[in-house]
Amino acid sequence: MSAMIDTAPATVRADDERRTLDACFLGPYGENDTLLEKLVVEFLRDHVYWRRNFHPEDPPAIPTHAASHRDYQAFEARMRRELHALSAALKKSVPFHSPRYIGHMASDLLLPGLAAQMLTLPYNPNNVSEDAAPVTVELEVRVGLQLARMFGYCDDPAREHCAFGHLTSGGTVANYQALRLALALKAFPLALRAARVPDIGVPEDDWAAFNLAPSASIALHERWQARLAGLDADARRDWRARVEAERIEQLGLAEFFRRHPDLREPVVLAPVTAHYSWSKGMKLLGLGRAQLLRVSEAGMRMDADALEALLQRCLDERRPVLACVGVLGTTEYGTVDPIDRLVQARERFAARGLGFGVHVDAAWGGYLATLFRERDGRLRPRLDILADHAHFPQPHVYDAFAALGNTDSITVDPHKLGYLPYGAGAFVCRDHRAVALLAEQADYVFHGEAPKDYFARHRRLGQVIPEGSKSGAAAAAVYVTHRVLPLDHEHFGALPRQTIRAAEAFADAAARFAARMADVVHACLPFAPDSNLVCLALNPAGNRDVAVANAFVQRLQDELRCDPRQPLQTKQFFGSSTTLRPESVGADELAAILGRLGLDAASFGPAADADRLVILRHTLMNPYLIDTENGISYIDRYFEHLETRIRALLG
Ligand SMILES: *Cc1c(COP(=O)(O)O)cnc(C)c1O
């Protein structure tokens with residue numbers, strides 16, 4: 001097979017890679033304490049010097065002897081007491097840093113990000129605008145370009161179709177931003193039509209105007225801007241006012257559709273496994289869950305044929321489609337939707353008059369894209385990536401990542417696989433010109449003409465982001481991290497590479513576990529993992545009843561969950577759980593999984609505990625799961641722990 005590799009150089013590299021990873025985190029044991037301490041103290045002092053050097057001629061406002069006053073001391077005492085209480089309480093926190101934590105999507109924090117965030121905090125920049133954050137707003141715009149490059153979007157601000165991205169509090173708000181932008185792009189051509197703007201190629205009827213593909217809508221907006229630029233100031237103002245008065249952002253959904261009675265409200269297509277932020281986002285937009293159409297899945301991934309069928313139905317029923325959402329790494333299973341097929345569907349249906357955007361929810365899996373990027377930004381061949389792994393990336397996973405550059409927008413969470421502090425989510429769109437439609441107040445209101453320079457234009461972040469005031473320190477953390485670890489396979493890629501290795505080791509360990517436990521429990525991976533989330537299905541040997549199996553897995557999971565009433569140290573491992581339902585796996589595949597577990601498919605049904613299969617879920621993002629230093633595999637230890645617990649529970 002062509003993936004045969006010479007293991008020696010790979011091992012050497014893996015070793016070098018380990019040494020770099022050694023410096024990346026505070027570490028499970030706090031190994032890098034002196035490094036972090038040095039950084040924090042150094043930059044705190046640096047901050048103080050900055051204050052002192054602002055106007056050194058100003059005398060200190062706080063007297064030197066202030067600390068000897070009773071009230072000062074009383075305040076300090078109260079502060080200390082409360083901080084001690086907080087610090088003590090925080091010891092009950094979830095030990096995300098530990099390789100014994102394989103539950104949810106959290107792990108240790110990258111030192112460059114943590115240090116950058118701590119260093120920036122006392123400057124307290126507010127990234128709502130350049131006025132309040134002269135340094136960090138620029139960094140945030142640059143983060144957008146760093147992420148764009150990782151996904152294969154154009155990241156050259158000199159090019160007119162360069163991408164644009166910004167940070168949000170998290171993936172939820174980034175997904176919401178995607179919906180807002182999709183609606184703005186869809187509705188704007190109708191405003192041009194209603195205002196009877198001549199000669200720039202506005203479509204002939206409402207249906208056509210509401211169904212342009214995003215790229216066509218952006219092109220139309222550009223022609224409109226060019227047309228405006230050619231008018232004298234009065235005419236320009238009048239035309240702008242006429243168009244603004246017809247925009248959905250001015251009229252609101254109800255009045256907009258009242259004025260366009262032939263149009264129905266648009267729908268969003270998303271897989272059944274989509275995160276619940278999509279339902280939240282629909283409601284924020286003034287649409288409802290009824291407009292969120294769930295595309296069924298085959299083998300945990302969006303069924304592209306079902307998508308096409310649904311799109312055909314929308315076309316037949318003249319139902320506009322706002323966007324199709326594909327998930328790159330589902331929250332529950334880490335599976336990857338066929339993004340390439342979504343992009344193909346977009347092209348095919350746009351040609352037939354049903355235009356819509358493709359948005360990728362890569363909140364979880366986005367940073368895996370670093371594995372697919374060369375240092376110079378080119379896409380890596382699949383076999384090069386495969387050389388580091390047993391199975392990753394499967395062809396369908398590779399095709400999905402390779403298609404990212406052709407999508408319209410992407411959500412990614414630096415606070416998940418970017419190993420950065422909360423809240424750092426990000427929204428990136430392929431063509432920066434689109435976001436002019438989101439501006440709360442058009443550029444010219446405050447600043448005369450819209451600036452031509454990319455950075456000057458996008459530093460007015462507050463105009464387009466859903467939030468107002470927001471953390472500049474978070475932007476600094478993301479930017480510095482991407483500078484220290486550029487988003488390609490040679491740098492940042494070391495982290496996801498480690499997690500994929502861990503996931504593959506986990507799958508192997510699960511197979512060994514299943515073999516040695518066959519007389520006690522039936523165990524299997526319910527589906528082949530696409531990335532670094534691995535699920536495990538279990539059923540006590542001899543049991544045929546789904547409800548009994550669910551109760552058993554639930555008991556195991558209760559031991560693996562965080563319990564603030566017990567000392568942390570009593571926990572050996574932390575895991576999480578999820579469920580399999582016919583809507584996500586497909587009825588046939590679910591039946592096959594039940595069969596492999598020795599469960600009677602007839603016992604699966606509407607009864608409360610039998611309408612789903614409860615399984616264990618493991619997020620393998622901790623970089624120290626395989627501790628080569630001490631020759632310990634926390635993955636093997638986890639399975640030994642499971643074995644002990646299962647024997648105890650069933651004994
Ligand atoms: C985590 C996640 C979200 C939500 O992101 P938050 O940062 O929690 O707001 C959305 N989609 C997917 C696929 C996710 O994994």
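The shell around the ligand is made up of 9 polar, 3 nonpolar and 3 charged residues; Ala, Val, Leu, Ile, Met, Phe, Trp, Tyr, Cys and Pro count as nonpolar, Asp, Glu, Lys and Arg as charged, and the others, Gly among them, as polar. The model is predicted: local features need pLDDT of at least 70 and side-chain atom pairs count only at pLDDT 80 or more, while totals for chains, interfaces and linings use all residues. Residues are numbered from 1 along each chain as its sequence is written, and side-chain values use heavy atoms, with hydrogens and water left out.

Of the 15 residues around the ligand, those that come nearest are Thr172, Asp361, Asp413, His415 and Lys416; a residue is near a molecule if one of its heavy atoms lies within 4 Å of it. Helix H6 (residues 171–194) gives the most to this shell, 3 residues. Helices are DSSP runs of H or I with at least four residues, strands are runs of E with at least two, and both are numbered from the N terminus.

| Side chain | Ligand atom | Distance |
|---|---|---|
| Thr172 | oxygen | 2.6 Å |
| Asp361 | nitrogen | 2.7 Å |
| His415 | oxygen | 2.7 Å |

On its own the ligand has 380 Å² of accessible area, and the protein covers 87% of this. The areas come from the Shrake-Rupley method with a 1.4 Å probe.

A cavity is a set of points on a 1 Å grid over the protein atoms alone where a 1.4 Å probe fits but cannot get out; a pocket is an open set with protein on both sides within 12 Å along at least five of seven lines, and lining residues have an atom within 4 Å of a point.

The second largest pocket holds about 970 Å³ of space. It is lined by 36 residues, with Val94, Pro95, Phe96, His97 and Ser98 closest to its centre. By class, 21 of the lining residues are nonpolar, 10 polar and 5 charged.

The structure has 1 cavity of 30 Å³ or more. The largest cavity has a volume of about 50 Å³, and its lining includes Lys92, Cys562 and Phe574.

UniProt, in an unreviewed entry, places the feature "domain: L-tyrosine decarboxylase C-terminal" at residues 527–640. Over residues 527–640 the chain is 32% helix and 21% strand.

Technical notes: Grid points are joined across faces, edges and corners, and a volume is the space filled by probe spheres set on the points. A polar contact is a pair of N or O atoms within 3.5 Å; within protein, one must be able to donate a hydrogen and the other to accept it, and residues adjacent in sequence count only if both atoms are side-chain atoms. UniProt positions are given in the numbering used here, feature names are shortened, and annotations may be inferred rather than shown by experiment.
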